[in-house]
Structures are given as C-alpha cells and as structure tokens.
Number of protein chains: 6
Amino acid sequence: MYIVSVRGHMMIAHSFRGAAFGDAQRLHGATYIVDVEFRSPKLDPDGIVVDIGRASGAVNAVLAELNYRNLDEDTVFSGQNTTTEFLARIVFDRILAAIRRGDLGESGRAVESIRVTLHESHIAWAAFEARTDS
Amino acid sequence: MYIVSVRGHMMIAHSFRGAAFGDAQRLHGATYIVDVEFRSPKLDPDGIVVDIGRASGAVNAVLAELNYRNLDEDTVFSGQNTTTEFLARIVFDRILAAIRRGDLGESGRAVESIRVTLHESHIAWAAFEARTDS
Amino acid sequence: MYIVSVRGHMMIAHSFRGAAFGDAQRLHGATYIVDVEFRSPKLDPDGIVVDIGRASGAVNAVLAELNYRNLDEDTVFSGQNTTTEFLARIVFDRILAAIRRGDLGESGRAVESIRVTLHESHIAWAAFEARTDS
Amino acid sequence: MYIVSVRGHMMIAHSFRGAAFGDAQRLHGATYIVDVEFRSPKLDPDGIVVDIGRASGAVNAVLAELNYRNLDEDTVFSGQNTTTEFLARIVFDRILAAIRRGDLGESGRAVESIRVTLHESHIAWAAFEARTDS
Amino acid sequence: MYIVSVRGHMMIAHSFRGAAFGDAQRLHGATYIVDVEFRSPKLDPDGIVVDIGRASGAVNAVLAELNYRNLDEDTVFSGQNTTTEFLARIVFDRILAAIRRGDLGESGRAVESIRVTLHESHIAWAAFEARTDS
Amino acid sequence: MYIVSVRGHMMIAHSFRGAAFGDAQRLHGATYIVDVEFRSPKLDPDGIVVDIGRASGAVNAVLAELNYRNLDEDTVFSGQNTTTEFLARIVFDRILAAIRRGDLGESGRAVESIRVTLHESHIAWAAFEARTDS
C-alpha cells in the first residue's frame, strides 16, 4: 500500500456539553494540526498516489470552511459535541466528497482509504480512517 | 475507525543480557515517551472514543508503576530483557487490565484495539498493538 | 549560562480587533504549547537551576488561570488584543510574580532571566524574554 | 503485533516529468528523513523483533546507495519519476532483499511486514508498506 | 524582547567544492525547513511584533526565488559553496531588504534583529542572526 | 552570528541525592537527545562555521564516553548530582577541550561560543552556553 500525507491546520472556538468534559464545558478553543493520508494500492503513470497540489488544495479548502470560527454557532453541528475525533470524521467526509466530485482528478478516484489525524496538543491527538467505498 | 491517543513518559534504568546487545549489556537507562492509542468503530453519546481524562489517568497510573525505577530489580521481569518492544507489550497488558476493571468507564469497554508506542530516542521507537479481545 | 525549560499547554478562545487580522477578527481559538525557560549563571548546591517540580507547578498554575477560557471575557485583557506575543508577556509576568512570591524557592530567586515561548501551530510561534530584574 | 522502527536520512537531487509537477519539473532536491518499521507477531528469545544494530546497518546501507546523488543520472530509475512514494517502495524492496540475504539474521527472517516512510518536509510525507511474502 | 517566528520551506539541488565535503561534492539536494524570527523590544498598537500575514508573505517570496532550483546554476552564488549557514545569511539579507522596502509595514521597520534557521535534517541545522541596523 | 548545530544522543542510568528530587532519588535513567551549537561571527573559506563531519565526530566521541553507563559509578561525578543542566555543562567542557586539542580543525578554533542542549523528555530540557574563551 502506498500512502501520501499532507498537513494543514485550523484554529477554532467551541465548548462541550456533558459533565465528563469538566472545564472544557466552558467556551475555549484549539489549534488542530491536520494530517490527511491518501492510501492507494498502486501509483498512477506519473508515479504518484495523488497530485499533491490538488490534494493540498482540497485539504485547505475543507479546513478554510472551519478555520477562525466558533463551531458552537455552526448549525451543521447543533446538538453535537465537536470533539477532536468527531471533527476528524467531518474532515474525512468532506475530503471524500471532494474526491467524488473529482477535485483530486482521476488518481484521486483510485484512493482506497483515507486517514485524517487532528493533533490538538503535544500530548493528544485523534483520528478517523475508513475506506472510500464505505 | 476512530482513534484517540494520549501521551505520557517514564524514565527507567535497566540492562540487557545477550551478546547482540553490545554496550547495552551494561546498566544504562532510557526516557520512554509513551503514546497509547484507543481505537473504536463508533463514538459514544458524548461524541468521544473514551473519556480523555480517564484515559490519561489510566496511562499515568501504569507508567507510575515503572517510572524512576531500575527494571532489573523488578521481579516481574526476572529472566526477561526489558526491551522497548517488550515494555510496549507490558504497558498494553496493563492498560487492557484497567479497561477490563472499568477504569475507563463504559466507553472504554467498547475499545476494539489498542496500540502502545514507546519512543526511546529521536531515531528509534517500538510498539505493540492488538485487539482488546485477543 | 544554565537554562532549564518546562512545557505545558492551554486551549483558549479569543478574537482580534483590527483590519490587519482578517478572518482572525472572528471568535476562534488556539492551543498554545508553552515552554518556560529559566536562566541562571550558576547551579544551586543540589546541582540544579530550579526545582523542576516547583517550576512545573508554577507554570501549570499560571496556565490554569487562562486554560479553557474565552479571553475576550477576561476583564484583565479588555481593550487588548490577546495575540500570541502579548500572551507570552502575560505568562512571563505571572511566572516572575510567582518567583518573587517565593513559589520556586531560593534557587528560583537566583534566576536571572526568563523566556516564555507559545507555539500556536506547526508554522508559527511567539516569545517574550527579559531579565527578572527588569 | 510488535513493531520496531529505525530512522535515517538521505539528501538527493532529482527532477520530475509531467505538467502536474509544475516547478518541480526543474532540477531540485530533497532531504528525506526515512523511518523503516519492522513488524512481527512475536519476539525472539532475546525479547526483540530484530537486532536493532543490524536493522540500522541495513537501513543505512540502503540509504548510502542513494545519498548525495542526482537520481536523474541513476540508470535504474530511467523513465521513472522518483517521487517520494516511489522512493519509499525502492527502499522497501532493498530492505526486503537485505532480509532475504540474511543481513538481519534469523529474527529478521520472521518479520511479517515492513513500512517505509519518507518525510520530505514538515508538511508532507509518503510511505509504502507491504507483507514480506508479497 | 518580543519574538515572532514563521515557518516555510524550500527544496533545492546543489553541490560543494572542497575535499572536506566528501560525498557532498557530488550534485545532491536538500529540503530546508526555514524559521524566520522577528525580534522587537515592543508591540505595536495592534499588540503585535509584525503583521504575521505580511511576514509570511515576505518569507514565502524569498523562498520562492530559491525553491525548486539547482543553486549551482544561480550566477548570484558562483564561486560560493551554498552551505546551510551561507543560505541562512542569504535569506536574512533578503528579508532585511524586504523590511527596508516596507513590505512588512511600519511595525516591520521597528524590528530590531532577525534570526533565520534552516533545518536540513532531523540531526543538523544552521542559522544566521544579526541586528537589522548592522 | 552564524550557528551550526548537530544532534546525537545517549542513554544513561543515575540517581539523585536530596529530598527535592522525590522519586528521582531512586536509580532510574534517561535518554538525552543532545544538540551542540557552534557559533561564529564569520564563515571560513569553504563557507562553513565548522566541518560538520569533524563536529559530529567530536560530539559522538564525547557522548560515547557517557553512553550506556551508570553515571553513579563514574568517579568523575562522585559527590555530584548528574542533573540535566550539570551534564549539559560536562558535554560543553569536553567539546571545548576537543576544540582546543584541534579536533575540529582551524575553523573550530574560531568558534566564539557553544550551546549544549539536553532534551530529557517531550516536556523538559536543559542547556549550558558560554563563550569558548570563558
């Protein structure tokens, strides 16, 4: 299996509901350093998994929709805790949609699985990974 | 698959037996920076894999048992080389026991697999990963 | 010159005023990974710059005052943009106050200068450094 | 599964053919920081996956063949873009050959799969992973 | 002293002349991860050292002039070994010129010193630092 | 000022005396990742601060004297706590001696100051820096 990974980041505000979250129930924020891995069993004729320019473009477009925002005010997330693992899934879903729209070109359509990792600090991260046909 | 990872560390002394270890047969030591990944196919009602406070507590409790010790004197390890890969397994076993005792709560019991990585330097690390029902 | 550095982190929400900030004028947030360096020309009789337990305790106490908060609502900062460089100074001032209160013991009083670095992402950080008698 | 990983690096020049590569069609270069992971379901009698000295030796020997070279002039790669993902596969193939020659000893022969990761910058990396019997 | 640092990177080919360079006399290449630190004794009315958007723009413009090139063919460097420390100075000089042209605005003109660090691998880096009035 | 830095590491056992050290009074150990920075106001005719091969050789020779040892048994350190900051000074002194012996060649003799940093974990490091004529 071949894997190519590109990195971006976003800086958001949010709060959590539920006693388990303790002080994180207050409005606070996070920098998420985001790695998106594209996995494919073979290389295209250029010798690549995906066009890294297109991949970076797609990742940055997804992160720009969330960046510099208070996620508590995004109606798409109403009734949901925007935890790191949940946001990893959101980024996954949106990257997958970009692939299906053809934003990553033909080699993008051959991607078999994707892993999205959000680093929230030097001591904690979360990820979501799944096949693109799931 | 969702994954949440928390980091801790421990600083131990030990020595190895076997000609293959060269100078590491002498009493020496290591800082192990330890990442414990919890993997689950779904999120709980709070939107999390595990309660990160409980997860950190369990990881720190396991590391505290080993931290600031000479592992050569721990009778649990007698006759064993406490290599990085062996210690990754020890931490795995003890985290698994904590989950089974309920230390990570109900969401902890839903964890499907665990990966423990011990970074011993900037150029070497070892890990152990397995399903929680193995 | 001897230097000892300890690391902590905080996760806050805030917004900036001024056209130069662009989208960062919206309410957003950040994880700041915080390194506090203590500098001294000599070691104390134990062979240390400062008691690292006390130093970590002081750093964590300072960060706890800011952690999991919306800094826009902290009246101490009213009329101020809580930029990364400004917050580095705030942490500096509060660590210095802790030293002067004796929270870091006698060796803490011998610290000649302090540097506080806040990493806001993998591509940007800011710092403030000054002598303790300034 | 047990995993042991060792790190090395190489500094090479090359250029790419294909409009998708943009400015990277010009002769340029890269530092690749290379992690080679050896995976095995069990430890040998010494408590290790592979002899880390032999593993490092094999990795460094493979990297030395490529290091400080212009890959455009290496006839082995003629007609091929030496992309990061392609080079990860090359390193994989050569490490596998070393294992089959016995360079990593008996424990090396028990390695079940290998993953080779090449970090090309702080924001991009590529990898190749496969079973040793593939 | 306040410090703000931004990161970029470049990927270049080059070779060195001189027996001390050993195999690095051959045409090879490097990824340089570049940190540019701007130091100032005070903050501007917005609470910043420099406008980070302008600073990033200036750094990226300087790196773009060198990126994806064979430095052996850049006549500006003829007769010079483009070592990591030498390139740190080149980036410094060009950032300083950008400041003097006003590319970083009024707050940029107040920058007292600059430090440019080029990371060439996980085990080596070089830097150049000087006052802006030197 | 030009700076060149090279990295190595060592893995040692030791214990501390003094109530302030708590559990670290027990025999334990550490991996120290060691950065040695060489600072010089000018480059030599080859365009370098020091011959990086010689510098790495000198650093590795110094670290080899300490690596894979129990520092409690090294009579050179008797009556001393081998804290991170103290060991940074030891490495400094030995690198300085190597420069004075001529191990880093003529360019090595022009080095004006040296900084030695020992990273003991992901959350703590210590350093010693001084002029070479001090």
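F:H14 lies in strand β1 of chain F, where strands (E, at least two residues) and helices (H or I, at least four residues) are DSSP runs numbered from the N terminus. The model is predicted: local features need pLDDT of at least 70, side-chain atom pairs count only at pLDDT 80 or more, and totals for chains, interfaces and linings use all residues. Residues are numbered from 1 along each chain as its sequence is written, chains are lettered from A and ligands numbered from 1 in the order in which they are written, and side-chain values use heavy atoms, with hydrogens and water left out.

At 1% relative accessibility, F:H14 counts as buried; the term means under 20% relative accessible area, with exposed over 50% and partly exposed in between (1.4 Å probe, protein chains only). The side chains of F:H14 and F:T82 are joined by a polar contact of 2.8 Å. A polar contact is a pair of N or O atoms within 3.5 Å; within protein, one must be able to donate a hydrogen and the other to accept it, and residues adjacent in sequence count only if both atoms are side-chain atoms. Leaving aside neighbours within four places in sequence, F:H14 is in contact with residues including F:R26, F:Y32, F:N70, F:D72 and F:T82, where contact means heavy atoms within 4.5 Å.

F:V59 has its place in helix α1 (residues 52-66) of chain F. Not counting residues up to four places away in sequence, F:V59 touches F:V6, F:V36, F:F38 and F:I95. F:V59 and F:V34 are 25 residues apart in sequence and 8.9 Å apart in space, C-alpha to C-alpha.

**Strands and barrels**

Chains C, E and F contribute to a barrel that 12 strands close in the order β1(C)-β2(C)-β3(C)-β4(C)-β1(E)-β2(E)-β3(E)-β4(E)-β1(F)-β2(F)-β3(F)-β4(F), with antiparallel pairing. Neighbouring strands of this sheet are turned by 25° against each other on average, direction ignored. Axes are lines fitted to C-alpha atoms, for helices over the stretch in contact, and angles run from 0 to 180 degrees between N-to-C directions. Another closed barrel of 12 strands, also antiparallel in its pairing, runs β1(A)-β2(A)-β3(A)-β4(A)-β1(B)-β2(B)-β3(B)-β4(B)-β1(D)-β2(D)-β3(D)-β4(D).

Two strands pair if DSSP finds at least two bridges between them.

| Strand pair | Bridges |
|---|---|
| β2(C) and β3(C) | seven bridges |
| β1(E) and β2(E) | 13 bridges |
| β2(E) and β3(E) | seven bridges |
| β2(D) and β3(D) | seven bridges |

Particular partners can be named. C:R39 stands opposite C:S113 in β3(C), and E:F38 stands opposite E:I114 in β3(E). E:Y32 in β2(E) is the bridge partner of E:M10, and D:R115 in β3(D) is that of D:E37.

In β2(E), 13 of the 13 residues are buried. In a regular strand the side chains alternate between the two faces of the sheet. Both faces of β2(E) are covered, with E:Y32 and E:F38 among the buried residues on one side and E:D35 and E:R39 among those on the other.

**Helices on the sheets**

Helix α2 (residues 84-101) of chain C lies across β2, β3 and β4 of chain C together with β1 of chain E, at about 145° to β3(C). Helix α2 (residues 84-101) of chain E lies across β2, β3 and β4 of chain E together with β1 of chain F, at about 140° to β3(E).

**Relations between chains**

Two copies of a chain are related by a rotation about an axis and a shift along it. Copies are superposed here by least squares on the C-alpha atoms of residues with pLDDT of at least 70 in both. Chain C can be laid on chain F with an RMSD of 0.0 Å by a turn of 120° and a shift of 0.0 Å along the axis. That is the relation of a three-fold axis. C:H122 is the residue of chain C that comes closest to the rotation axis, at 8.9 Å (C-alpha).

The area buried between chain C and chain F is about 1,400 Å², of which carbon and sulfur atoms give 51%; buried area is the accessible area (1.4 Å probe) that two parts lose on being put together, summed over both. C:Y2, C:I3 and C:D46 supply 37% of the area that chain C buries against chain F, more than any other three residues.

Chain A is superposed on chain C by a rotation of 180° with 0.0 Å of shift along its axis (RMSD 0.0 Å). This is the relation of a two-fold axis. Chain A and chain E do not touch, and their nearest C-alpha atoms are 13 Å apart.
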